[in-house]
Amino acid sequence: MIETTLTVRGDQPIGTISPRLYGHFAEHLGRCCYDGLWIGNQRTDIPSYGGLRKDVVDALKGLPVPLLRWPGGCYADHYHWRDGIGSQRPTRLGMSCGLQVEDDNSLGTHEFMALCRLLGAEPYLAGNMGSGSAQELCDWVEYCNTAVNTTLMRERSANGSRDPFGVKLWGVGNENWGCGGNYDPESYAREYRRYATMLRHVDPGAELVACGQEDEWNLQFLKTNSNPRHLELMDHFSIHRYWIHGGPELDFSEQQYYGLLAEADETEEFVSRTAGFIRDALGSSTHKVGIALDEWGVWHPEARPWGPDNEGHREPITYEQAGTMRDAVAVAVALEGFHHQCKVLTLANLAQIVNVLHAPVMTDGASMWVTPSYYALQLHTAHLGAMALPVDVGHGTSLPNSDTSAVTATASLNAGGTTVTVTNRHYDQQASVSLSAPNTRAVKSAQLLSADSPRAVNSAQQPHQVKLAALQVDADGADQWRIELPPHSVATIQFT
Ligand code: AHR
């Protein structure tokens with residue numbers, strides 16, 4: 001049994017947790033967009049909101065989805081937005097991550113905006129720098145955002161939206177070091193400048209996202225664009241983090257369990273290191289450049305033809321994988337880091353929203369179920385927009401071969417009171433936690449996500465294997481509380 005004390009530091013506010021840190025990502029890849037989100041008029045047996053799958057949209061409404069990135073990913077650098085508007089839409093080769101499919105473009109700009117409206121999500125569009133042009137991307141911005149009576153504005157109006165969509169966030173390419181054109185950082189940095197200059201003319205209020213990678217690329221990109229006038233062309237710098245060292249999706253060992261959590265934990269360090277590079281590049285400039293972790297999550301070997309342990313990958317590759325309780329714990333670990341970094345991390349998008357990779361929602365024919373990661377995200381709802389507070393860990397038991405405490409937590413404060421999310425990362429030991437949190441008079445709600453095994457999953461046949469349950473919280477003195485947490489579990493307590 002682990003004994004831990006946690007102390008919420010109300011006296012050391014970190015910063016506001018932007019709702020944008022809880023963004024999602026929908027790519028035209030596998031069954032994410034087509035089949036997962038969009039069924040058009042193909043499936044009369046599945047109810048829809050004008051072609052958007054009702055069961056999926058309704059499930060997603062139970063989560064915070066404040067931000068949604070689309071249409072890729074690698075798909076974005078082949079995507080021609082005009083293919084997805086109007087009544088005559090061409091069928092193209094849908095290409096991403098080595099897949100080639102028939103893509104009828106029935107889910108286009110207007111359908112995506114309708115989805116965002118249903119979910120209350122802010123749209124984030126990834127532009128095509130790979131096979132497109134600066135003019136094509138400028139036209140998409142104008143089509144979406146202009147209120148001036150231009151031909152593109154009238155076309156948008158004729159297609160059903162007189163009002164501008166008001167899209168703020170625009171990605172200038174995606175992974176342009178690889179699938180987005182195999183650029184080197186210097187040539188991408190120069191090309192970025194040209195695109196960003198033109199885009200700013202069309203919409204001076206657009207927030208532009210430049211593509212980063214690992215340290216070497218990031219430093220080189222920033223060096224090439226180190227002139228303050230050039231740095232000001234960038235509002236966010238995109239980095240991606242997939243956790244790929246956790247072994248098999250289901251049949252992982254204890255060591256691999258910890259390996260995956262360590263990778264999730266390391267995401268914070270990557271964000272913080274990248275923020276340091278940006279800080280150095282900006283020097284005394286008052287311009288702000290945030291970090292956009294616009295793809296993150298678990299990518300198991302079964303769902304990829306590359307990387308470690310992938311000998312047994314499924315054929316054909318569908319980019320679908322089992323989402324276990326372990327993956328949900330990894331989500332909680334990562335979100336702790338996001339809260340710590342909320343002053344420099346300006347947005348984040350879990351990859352991907354339905355069916356593909358680290359999906360919170362899955363479908364199979366007419367069936368729909370949610371994964372343990374769905375509940376891990378749901379447990380964090382009260383943190384959105386709140387003030388992040390550090391949590392000191394005392395008396396902790398460390399994880400095997402590591403100095404990371406087995407029990408960790410994140411806290412926040414909003415007008416309703418304090419919320420604390422506690423994670424027991426241990427593979428097989430229960431934890432008894434003594435929690436001290438200032439100004440906590442009563443428990444408003446307390447929920448626990450746990451399962452008998454870290455390998456537990458939900459499925460079409462057993463959709464409720466892993467779900468939330470009530471957590472017992474005992475008062476232990478003024479502002480002092482005690483909870484018991486099973487191994488590999490996550491819990492949230494909201495106090496008034
Ligand atoms: O999310 C799947 C793929 O991963 C995306 O298309 C690409 O950006 C990344 O490599």
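This is a predicted model: local features need pLDDT of at least 70, side-chain atom pairs count only at pLDDT 80 or more; totals for chains, interfaces and linings use all residues.
Residues are numbered from 1 along each chain as its sequence is written, and side-chain values use heavy atoms, with hydrogens and water left out.

Start with the shell. There are 15 residues around the ligand, and Glu27, Cys74, Glu175, Tyr242 and Glu295 come nearest. To count as near, a residue needs a heavy atom within 4 Å of the molecule. The shell splits into 7 nonpolar, 5 polar and 3 charged residues. In this scheme Ala, Val, Leu, Ile, Met, Phe, Trp, Tyr, Cys and Pro are nonpolar, Asp, Glu, Lys and Arg are charged, and the others, Gly among them, are polar.

Next, the polar contacts, meaning pairs of N or O atoms within 3.5 Å. Glutamate 295 places a polar side-chain atom 2.7 Å from a ligand oxygen. The side chain of asparagine 174 has an N or O atom 3.0 Å from an oxygen of the ligand. For glutamine 352, the side-chain distance to a ligand oxygen is 3.0 Å. On its own the ligand has 280 Å² of accessible area, and the protein covers 94% of that. These areas come from the Shrake-Rupley method with a 1.4 Å probe.

Glutamine 352 also has a backbone feature. A cis peptide bond joins alanine 351 to glutamine 352, with omega about -5°. Glutamine 352 lies in the loop between β14 (345-351) and β15 (361-364). Strands are DSSP runs of E, at least two residues, and helices are runs of H or I, at least four, numbered from the N terminus. Most peptide bonds are trans.

Proline 71 sits in the loop between β6 and β7. Cysteine 74 lies in that loop too, and cysteine 179 in the loop between β10 (169-172) and α5 (185-202), so their pairing ties together parts 105 residues apart in sequence. Their sulfur atoms are 2.2 Å apart and form a disulfide (cut-off: within 2.5 Å). The S-S torsion is about -85°, so this disulfide is left-handed.

Key
A polar contact is a pair of N or O atoms within 3.5 Å; within protein, one must be able to donate a hydrogen and the other to accept it, and residues adjacent in sequence count only if both atoms are side-chain atoms.
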